Each structure stands twice: as C-alpha cells, then as structure tokens.
Amino acid sequence: MDLSIFLILVQDGVVNGAIYALLALSLVLVFAVTRVILVAQGEFVAFGGLTYAALATGQTPGAIWLLGGLGLAAFAGGLWQERRRMRGGALLRHALFTLALPAAIIAATLVLAPRRAGIVVEVLLAVAIVTPMAPYLYRIAFQPLGNASVLTLLITAVALHLALTGLGLVFFGPEGFRAPPFSDAMILAGPLMIPGQAIWILGLTLALMLGLYAFFEKTLTGKALRATAVNRLGARLVGIPTAQAGVLAFGLAGFIGALSGVLIVPLTTVYYDGGFMIGLRGFTAAIIGGLGSYPGAVLAALLVGVAESFSSFWASAFKEVIVFTAIIPVLLWRSLRHGNGEDEE
Amino acid sequence: MTRPGLAKLWPLACIALAGLVPWIPGMPAFWVTLLNYTGIAAIVAIGLVVLTGIGGMTSFGQATLLGLGAYTTAIMSKYYDLSPWLGLPAGLLVTAAGATLIGAVTVRLSGHYLALGTIAWSVGLYYTFANLDLVGRNDGISGIPPLEVAGYRLLDARMSFTVIWLGVLLAALATMNLLDSRAGRAIRALKGGAVAAASFGVDTARTRLLAFVYSAVLAGFAGWLYVHMQRSVNPTPFGFYQSIQYLLMAVIGGAAHIPGALLGAALVTLVNDRLQDILPKLFGARGNYESIVFGMLLIAVLQWAPDGLWPLIARFRPRRRAIQADAPRLAAQTMPERGSTLLEVVRLRRNFGGLVAVNDIDFTLKAGEILGLIGPNGAGKSTTFNLITGVDTPSGGIVRFRGGDLTGRPARHVAAQGIARTFQHVKLVPTMSVIENVAIGAHLRGHASPLAGLLRLDRAEDARLYAEAARQLARVGLADAADRPATSLALGQQRIVEIARALCLDPVLLLLDEPAAGLRHNEKAELSTLLRRLRDEGVTILLVEHDMEFVMGLVDRLVVMDFGTKLADGPPDAVRADPRVIEAYLGSVE
C-alpha cells in the first residue's frame, strides 16, 4: 500500500464515518430520551435515499403513501390511547400533526415531483416526507408501552425494523436506486481527488452537529430534552411532557436518518432493506462510545468508517465480519472496566 | 396432598401422543414436514424461554447459534465421513463455546448489551458463512448424510418427525429439570431479584452466562436435527431475520412458559407458511412480505399481551411441593463465642458526588447482641447496610468481620461469610412460590452443578435444601403459606418470608432492614419474640427500624445516625435521654 491509496482509504472512511456519526448521535439521543435502542434507524436512511432518488429522476416517490398511512395509523392510535383525555384543542393539534401535515406534504409532492423543482427543493421534500414517519411510529409502537423495560423496548424496535423492511419492499420495490451527485465538482488536494458529494456530506454533517449542539445548549426545548434524558420522573415533575419529548427525539432521529439517506444515495445504490447495515454501523459506533457519550459516538463512528474502508481494501468479502466483530473486544473492555452490573429495572 | 407431578406431565403426554401423528393414514407429507419445522423451532424457543422469559435477557442471534451447530455437524459428516452421532456432541460444544465467548463479554453489563452483542455477531457470522470457501459460501453444503439407527437410514420425513419430537420432549424435560434445581432457582431469581440473589451468594454474572449458554446449546441441538433432516445447509436460515422469528415465537407463546414455546413455534411456523403463499399473490411479487405481519404482530403482542398467549390459557399456579421432612440436615456454622467482636465498622464513608450519605461512621457489633441502627429519613442507614453487605462500595473506611476484611467485597462474598440480610423494599421473585423463594437463601449450602440438576442427580441434596426451607418457614410461623405465590402475601408477611430466606443461609449475622414495617401489633410482638429467640440461639442481629416502640423493647444497644454521621451509641435508655438525639428527632427546642 502506498501513501496515495492510504489517503484515499482514509478519505473514504471519513466520509462514510461522517454519516455513521450522524446516525450514532441520533441513536444516543433517542436512547437517552426514550430508552429505546432504535434498531429501525437504518430504515429512515433507506427511505430517505430512495425518496430522493425518485424525486431526482422526476418520479413521484411511493413513500408519500407510506407517510399518509402511518399518519392515519398514528391518528387512530393516539385517539384510542387518549380517548378519555383528548378534547378540543388537543384533538385539533393531534389531527393537524397526524392528518393535515402528511396531507400537505403529499399534495406538495404530487405538484412538485413531476416538475423537477431543483436539488434544494427535492432534498427538502425528501426529508420532509420521511421525517414525520418516525414520530408517528413512536406514537404507534412505543408510547403505549410507557415504562416498559429497555429489553421490551428493544424487542419492539427490532419488530418495527422487521415491519418497516417489509413495507419498504411494498412501497419502493426490490430494485436499488442511485441519484446523481449534488454537484460534479472535484477538488484536487495533493494526491486526493475529493468529489463534491464528499464535501457536501462533511459540510452538512458538521453543520448539523453544530445545529444540534446549539439546540441542546441554547433553546428551552433542547434543555427540556436533556432534562428528560437525565431523569424522566424529575422532568415530568417540573412540567416537561415526556411523551412529547419522545415525539421530538424521534422526529430528530427521522430527520437525521432521512438526511443521511439523501446524502449517501448519490454515492452508493440504496435498496429498500439496505438501511439496516448502515444503521448497524451507527450502532457499533454508539456502543463503542458507551451509548451515552456524544463526542465518544462521533469519534467511534469515524473509526468505524476508516476500519471499514481499510478492511474492504484488504479483505472485502469479510468487511462486515470485521466491522461487526470489532464490537466484541469493545464490550470486553467495557465489561472489565464496568465491574458487576447488578442493576435492576 | 395432590399427586405430585402428574399435573405437570400432561404436556409431555401430549408430545408423546403427537409422535404418532405422522403415521395416521392419509396424513399429507406436507403437514409432516411442517410439523418437523415446528419441532425444531420449538426447541430453539424453549431455550429462549429460559433466556428471555425467565432470565430476563434476550438474544437476536439464536438462528446463528443454530447455524453453528448445523455447520459443525455438516462439515464433520460430509467432509470427514464421521457419523452424524459424533456431530451432535461436537455441534453442542461449538455452540456452547461461541455463546460463552459472546456471553462472557456482555453478562456483566446492563441487560441490553447481550442483545446488542448478539445482533452484531450474528450479522458477522452470517457473512462468514456466506463468504467462507470451507462451507461453500452462499451455496452452502449439500448431500449431508441422514441419521442412522442400527444401520437404518432415517430418510423418511415421518422418521425425522419421530426423532425431532423426541428431541422436543428431551429439551422440555431437561429444561423443566434445570428450572427446578438449585441453578434453575438462581436463573429464575435474575428477573426482579438479582440483587437479592447476589446477597445469598448467587454469582449473577455466571448465572446469566449459564442461561445464555443453555439456550445456545438447545439452538445447536436444533441445528443438528435440522441439518440431518434437511440434508443440506446454506446461510439463509441462520440470519438475523430468522433469529427475530424465534424470539417472536417465544414472546407470542408466553416467554416464561415451556408450553408457550410450543404454542408460539406452531403458530408462527404455520402462519408463516400460509403468508408466504398468500401475500406474494396479494402484492403481485415475490418477497418477504410476511415480515410486515410478523413485525406488527410482535408489536401488538408486546402492547396487549406482554406475557404472551399461554397465561391466557393456563393461569400461573405454583405446584404443591412435597417436603421430605426426614431428609438429613444441612451442615451448620459454629457460632462465634458470645461477646466476642463480630463486626467492626471503622470510619465508613460514602459520597455521591458532593453529597456525603455516610460520613465516617464507627461502630462495633458483639456476637450475640441485637443492635438497632436508627435515625430520621435520609440519615444514611440503608446506605450503611448496603456498604456492609457489598451491594454498594464504600468511598472510604473499613468493614471487618470476624477479623477478616470485608471492605468493598461483592455481595456474594459477604454472604459466604455468614451474613444474611432482608430488604427495605421487599425483593421476592413474583413467579416463584414462597418456599421456592426461601430456598434461594440456602443457595450456598448446596453444591449441585447445573448439569446435575439437568440430569436429576441433585434430588437428595435438593430435598435437604427444601427441608431446610420448610423448617425456616415454620420457624417464622408461615408454614401454611409455603406453596402460595410469593407476592400474594401481605407486605408485612413478605418481610417475614425474607427473614426465613435469610435464616436459610445459616447466618452468623442477620441484617434486617425495617422488618416491622407493615406488620400488625400482634405480628410485631411475634417478630420480637422470634428475634430474641434467634439471639439466644447465638445469632447476632443488626436492624434498621423506624418503629421506636418495637426497637426500644428489643435491642441491647442503639446507634443513632443523622445526616450520615453518628449522633449517639449506647443502651436504649441512655440514647433516649441524649439531647442531641431528641433534637434530631423533634427539632431544636431553642
């Protein structure tokens, strides 16, 4: 291996690692606020990517009907769960969020999709179509479970992944899609040729991280989310609605997932079930970071990205094996450091 | 006394009868095959009953473990011409080794790490199977020999049926035996009672590992049956998706019940087969559409029937346990000489961040006395208890017991020294009867290995443990409640059950955390009598209590704590007159 190959592999790893970092951040966030280990995070990536690919080729994405369906299900589910409490204003807000919002997005897509409204509009549209699915799914699958154990929530998340993969097949079909890159620019830096898409990915990732940081540090809503993450009961006692915190956390997860999908679909062909493997890398990173540390997760994600690109160079058939079994020594290390985990829920 | 065991045997009788099903004239071969798959899945699901329903852990890698067993025997019998019967022990060994590796690195962490670890490694192993030349990559291995019995090759699906359902029977029996043994009680105590179990000497990390390895071995066994029935193997049935299906079976059927595993396996296998027929026609294309149905089904079950379907069919009722009152008694400790120093606590300290919960506490405890630890709410009494018993680790100071250093030792080590305790928030296992809960207290006085339990070689010892549990229950006056579910008792009585459990350890020192809370007046009097009698028999008692009347009439000496520090130490009358104590309890009189 010479220096230029080394640098290319590092570059590749860092670009992929940036995406994994976003996913790892969102996993840590969702776990902290809701105690859900969101195995289904990858589905939002796949759906986001496929939706953008469809829009970028002037097609109407099937995802809008999935969005409508999930909105309807969330409306019915919410109505049923809170049939005694929901009246007037709350009912209206619920209907606006679960019925009017998807209807507006569907209408906008039907109008804009055939007209090729440009990259910015198409990116925004793709993200807008996929993002609300996550909070709808939270309402349907997780909110009724209330104070269930982490394990029950995890099994639910896996079940959700299963159902979403099947739904992905129904709404996107078995073929994979790829979108044209955001820009054809190519930057030469020594031996490296950095494609415009990579710059987009790194730039948007960085911007998003800064945005998240500002959100959690500066805004009241962000602080409320952090409070919920530290102590759910305490947060509820001071008047923070923890269910809404869950909806918000899932909204962020959906947004990050969808955006990640939009960013990678010009780089690689995305299939309806391809999100799982991408999400799982975010997972590996989140676990290496200890499921609690944001900087730790980001650092670990970059490591996972680089490890992946090097192992695909040396032993491409065993790239997945190497990336995922790397988790075992990490767990061993945590286990030795952590001592006896006699925690009870 | 009802006929013991008979009620428990009917599911086994059903399985035995089911062995005749494929020989019914006119039985379509298709149904026999489907039932074969049901049987194999049921074995995996029974393993998950132990792991998930009873042990409170989960694995998303059972299909991969099945694959490990399957590939091991496939390679041995196809490439090395060894008998499939040799592939069985080898396959079990390989799955056990794999599970030990993944289990050992996760069992000390919070429960969900095992689940996450199994996701990662099952994906990893799946790609290993799919890319390794040795195992034929994605094509797998075909032409694997069938099982042979006395030179007769079991090629007929009906023959496989008999073998597979014998396997189910074996797995169910072994699991029932295991759960009824000393090791099994430890597994059952994991869910909701891990801290209590550790306080009675159960090594909870090893017990978690045991549950996982046991479930893996059953999966490996299922893999062996699968390969020699199917006679070919490829990576597809060993992926993540299949693992979720096994979990679905266990959860739908009722993850805490063996018959539930059979029910779940049958339901999912049959429904899966139907859906694979119907859904592609509905959607007009081939694909895993059934995953939508299964995913939604799993979510629905977790929301509406989290205990699965089996409890809706049969209600939980602990069986009556026959006690062999004449079983030889367990060996007992020699009590230390009355008046000798038993426990020394020197400058014991515990900080939580900036808060000092226990601030340089000193006291000693002499053999044969009853010492009361009292103080207002938040004085640090329970924290002190947890520091002595190894549930929590001190930030500083020394705990010495019978001359040996106990500071910072784990709870099970403390228990092994002859220190038994009860809990302020009662920690009994709800799915076990009163006497089964009490028997956990005698964990360290038995030695039977899990394997002995599995093979029923532990009966003599187990009878002695149960006889001891029955004696201690009688001693605290709850003999009549022995076979009731533990949490059906009133809270005050549950505290007494905890005392019986602690006595089962044969303790030198008994630590009681608010034993009289929730008791009625005459029950308190009985408790006082019991504790005095224990003292007279040589047991030393340290108790935390709020009920002043109860404490004053009972203890030999009092230690008063407030805001983590010791206020007073002495006989009850002297302490009662101490102005600092009065101020702490009644507020300043200035």
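Before selecting anything, keep in mind that the model is predicted, with an ipTM of 0.89 and a pTM of 0.89. Chain B averages a pLDDT of 87, and 96% of its residues score at least 70. Where pLDDT is low, predicted coordinates should not be read in detail.

Select chain A and colour by secondary structure, which brings up 15 helices and 2 strands. The radius of gyration of chain A is 20 Å, close to the 20 Å that the globule rule gives for 345 residues, so chain A is as compact as a globular protein of that length. Along the principal axes, the C-alpha atoms of chain A fill a box of roughly 70 × 60 × 40 Å, and 47% of the 345 residues count as buried. If you display the contacts within chain A between residues at least 6 apart in sequence, 78% of them join residues at least 24 apart.

Turn next to the interface, where 46 residues of chain B are in contact with 43 residues of chain A. On the chain B side, the elements that give two or more residues are helix 5 (112–131), helix 7 (182–199), helix 8 (204–230), helix 9 (240–253) and helix 11 (290–304). Begin with helix 5 of chain B, which gives the most to that side, with 12 residues.

Now select residues 258–283 of chain B, which form helix 10. At 1.5 Å a residue, the 26 residues of this helix should span 38 Å, and the end C-alpha atoms are 36 Å apart, which agrees. Follow the axis to B:Leu275, on which a kink of about 30 degrees is centred. Which residues of helix 10 are buried? They are B:Ile258, B:Pro259, B:Gly260, B:Ala261, B:Leu262, B:Leu263, B:Gly264, B:Ala265, B:Ala266, B:Val268, B:Thr269 and B:Leu279. Just after the helix, B:Gly284 takes a positive phi of about 70 degrees.

Finish at the sheet of chain B, an open sheet of 4 strands in the order 6-5-8-9 with antiparallel pairing. Strand 6 (355–366) and strand 9 (404–405) of chain B stand at the edges, each with a single partner strand, so one side of each is left without a neighbour in the sheet. Between them in that order, select strand 5 (residues 341–352) and strand 8 (residues 396–401) of chain B, which run antiparallel and are joined by 5 bridges.

Definitions and conventions:
Residues are numbered from 1 along each chain as its sequence is written. Chains are lettered from A and ligands numbered from 1 in the order in which they are written. This is a predicted model: local features need pLDDT of at least 70, side-chain atom pairs count only at pLDDT 80 or more; totals for chains, interfaces and linings use all residues. Two strands pair if DSSP finds at least two bridges between them. pLDDT is the predictor's confidence in each residue, from 0 to 100. The expected span of a helix is 1.5 Å times one less than its number of residues. The bend at a residue is the angle between axes fitted to the seven residues ending there and the seven starting there. A residue is buried if 20 or more other C-beta atoms lie within 10 Å of its own, exposed if 12 or fewer, and partly exposed in between; C-beta atoms are placed from the backbone. The radius of gyration is taken over C-alpha atoms; the globule rule is 2.2 Å times the number of residues to the power 0.38. Two residues are in contact if their C-beta atoms, placed from the backbone, lie within 7 Å.
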